[in-house]
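Please look over the sequence and the model before reading on.

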Amino acid sequence: MNRIKMPKHVKFIIEMLENNGFEAYAVGGCVRDAILGREPNDWDITTSAMPDEVKKLFRRTIDTGIKHGTVTVMIDKKGYEVTTYRIDGEYQDGRHPLHVEFTRNLIEDLKRRDFTINAMAYNDREGIVDIFGGVRDLKDGIIRCVGNPADRFSEDALRILRAVRFSASLGFRIDDNTCRAIEELAVNLEKISRERIQAELEKLLMSDNPDRLKAAYELGITTVVFREIDRIAAENELTEVLSLVKLMPKEHFLRWSAVLSRAGKDKAANILRDFKFDNKTVNVVSRIIGEIGRPLPQTRGLVRRDIYEIGEDIYEIYLTFMEVYLPFYYAKAGQSDCMKETLANVKKEYNDIIEKGDCISLKALAVNGKDLMEAGLARGEQVGGALKRLLYVVLENNDLNRKEILLEMLDVTKY
Ligand code: ATP
Ligand code: MG
């Protein structure tokens with residue numbers, strides 16, 4: 001019997017349920033990942049106990065999704081989702097099950113799951129419960145629907161995108177029948193909420209194989225949920241853009257900046273808003289994209305100006321992006337080494353500027369609006385303009401950031 005090493009809290013929950021006459025198993029992604037020797041994100045538990053029966057057995061529980069049979073059991077401040085075996089009813093517009101039905105039969109619960117590799121259960125008593133050939137598909141590297149693919153995608157179209165997402169995160173291929181059903185039904189993704197699509201795209205982009213987005217294009221998925229990809233493909237640039245995405249560190253802002261690098265600032269912002277991303281994502285990613293094409297600063301003074309103009313808040317991540325982006329595109333011209341050298345220098349200057357606390361903002365300028373007014377400048381526009389000009393002087397030469405020097409310069413420029 002194959003053994004999986006479960007965390008002690010998971011074992012405790014399963015044994016508690018078993019000792020009270022119920023069945024309980026670790027199920028889904030955690031079993032898949034454990035068999036692959038990967039660290040599972042979270043351990044989900046499936047049980048024959050009804051939600052109120054689960055709640056009676058544990059001291060601290062939270063009703064996370066009680067209607068769908070999910071109770072979160074808290075142990076040592078960590079939460080574990082315990083879900084009652086369930087049969088999903090008819091799906092409403094390919095979105096949510098209209099109602100769920102609880103069952104005491106594990107097999108029924110496994111049947112509702114999306115892919116064979118996600119439909120296995122495990123406990124120490126029974127070992128791996130694998131009725132759809134999930135272990136075999138894991139070994140062969142195949143994403144295959146549980147049951148009839150067309151039926152399963154018609155019930156919930158998000159599974160279409162999940163197939164590609166798992167193919168990207170695991171490096172698996174998608175079974176032929178499953179592929180055919182995807183092509184046939186991809187248009188149903190229209191009915192899925194942008195938030196659910198965003199969550200799957202995020203996992204796809206942050207995986208080891210974000211270039212599998214190409215499969216989503218070829219299967220007709222992106223034309224429904226991510227048009228920009230089809231636009232890049234029409235310009236014959238999809239392969240290149242996806243290679244860039246793959247080279248980027250696995251970081252949210254960087255990978256979205258890379259995949260949208262051809263969209264331009266405003267369009268990128270619109271696409272991200274349409275995916276219902278948070279304001280910070282929209283802001284950071286579109287600003288990074290807006291800086292593509294900007295020449296690298298060659299002196300310390302120009303680095304300070306760069307930090308001011310691009311924004312201190314994103315400068316570091318902007319540099320990290322450029323460390324991948326510039327050598328990638330300059331490689332063709334045989335200039336990527338020289339590019340890397342310049343970048344290393346910018347980074348060194350940047351770190352030193354931050355460490356030494358050079359002035360890189362109006363806030364750090366040795367004079368403020370009040371000083372300038374006392375020196376005789378009128379309010380408003382004049383003061384604002386003068387402050388900015390003085391700041392640019394200081395960005396170029398930090399030694400000039402002293403009140404008497406700056407006020408004296410003000411005289412010279414005669415307002
Ligand atoms: P990850 O490691 O990314 O969390 P996961 O397999 O745990 O992957 P989840 O989205 O957390 O994926 O879902 C947990 C389990 O619930 C899946 O393994 C699968 O068995 C089932 N599942 C999730 N979403 C669906 C769906 N849309 N249709 C059918 N089963 C699903
Ligand atoms: Mg999960």
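## Model and domains

The model described here is predicted. The domain assignment of the protein gives three ranges: domain 1 covers 1-130, domain 2 covers 300-356 and domain 3 covers 364-414.

How far apart are the centres of domain 2 and domain 3? Taken over C-alpha atoms, the separation is 29 Å. There is contact between these domains, with five residues of domain 2 meeting eight residues of domain 3.

## The largest pocket

The largest pocket has a volume of about 1600 Å³. Its lining is made up of 43 residues, and those closest to the centre of the pocket are Asp44, Arg162, Arg165, Phe166 and Lys203. By residue type, the lining of the largest pocket has 22 charged residues, eleven polar ones and ten nonpolar ones.

Several elements give two or more residues to this lining: the helices H2 (29-36), H7 (158-170) and H9 (194-205), along with the strands S2 (44-47), S5 (78-84), S6 (86-88) and S8 (96-97). Which element supplies the largest share of the lining? That element is H7, with seven residues.

Leucine 201 is part of helix H9. Is leucine 201 buried or exposed? Its relative accessibility is 2%, so leucine 201 counts as buried, the cut-off for buried being under 20%. Setting aside residues up to four places away in sequence, leucine 201 touches Leu161, Leu213, Phe226, Trp256 and Phe275. Glutamate 381 lies 180 residues from leucine 201 in sequence, and the distance in space between the two is 46 Å, C-alpha to C-alpha.

Aspartate 33 belongs to helix H2. With a relative accessibility of 8%, aspartate 33 also falls under the 20% cut-off and therefore counts as buried. Apart from neighbours within four places in sequence, the contacts of aspartate 33 are Arg38, Glu39, Pro40 and Asn41.

## Cysteines

How many disulfides does the structure hold? The number is zero. A disulfide is a covalent bond between the sulfur atoms of two cysteines.

Cysteine 30 counts as buried because its relative accessibility is 1%. Cysteine 359 counts as buried because its relative accessibility is 2%.

## Two loop residues with positive phi

Most residues other than glycine have a negative phi, and most peptide bonds are trans. Against that background, two residues can be noted. Aspartate 76 has a phi near 50 degrees, which is a positive value in a residue other than glycine. Where is aspartate 76 found? Its place is the loop between strand S4 (70-75) and S5. Aspartate 76 has a relative accessible area of 62%, so this residue is exposed, the cut-off for exposed being over 50%.

Asparagine 236 likewise is a residue other than glycine with a positive phi, here near 60 degrees. The loop that holds asparagine 236 runs between helix H12 (227-234) and helix H13 (238-247). The relative accessible area of asparagine 236 is 74%, and therefore asparagine 236 is exposed.

Terms used:
Residues are numbered from 1 along each chain as its sequence is written. Chains are lettered from A and ligands numbered from 1 in the order in which they are written. This is a predicted model: local features need pLDDT of at least 70, side-chain atom pairs count only at pLDDT 80 or more; totals for chains, interfaces and linings use all residues. Side-chain values use heavy atoms; hydrogens and water are left out. A disulfide is a pair of cysteine sulfur atoms within 2.5 Å. Buried means under 20% relative accessible area, exposed over 50%, partly exposed in between (1.4 Å probe, protein chains only). On a 1 Å grid over the protein atoms alone, a cavity is a set of points where a 1.4 Å probe fits but cannot get out, and a pocket is an open set with protein on both sides within 12 Å along at least five of seven lines; lining residues have an atom within 4 Å of a point. Grid points are joined across faces, edges and corners, and a volume is the space filled by probe spheres set on the points. Helices (H or I, at least four residues) and strands (E, at least two) are DSSP runs, numbered from the N terminus. Ala, Val, Leu, Ile, Met, Phe, Trp, Tyr, Cys and Pro count as nonpolar, Asp, Glu, Lys and Arg as charged, and the others, Gly among them, as polar. Contact means heavy atoms within 4.5 Å. Domain bounds come from an automatic or database domain assignment.
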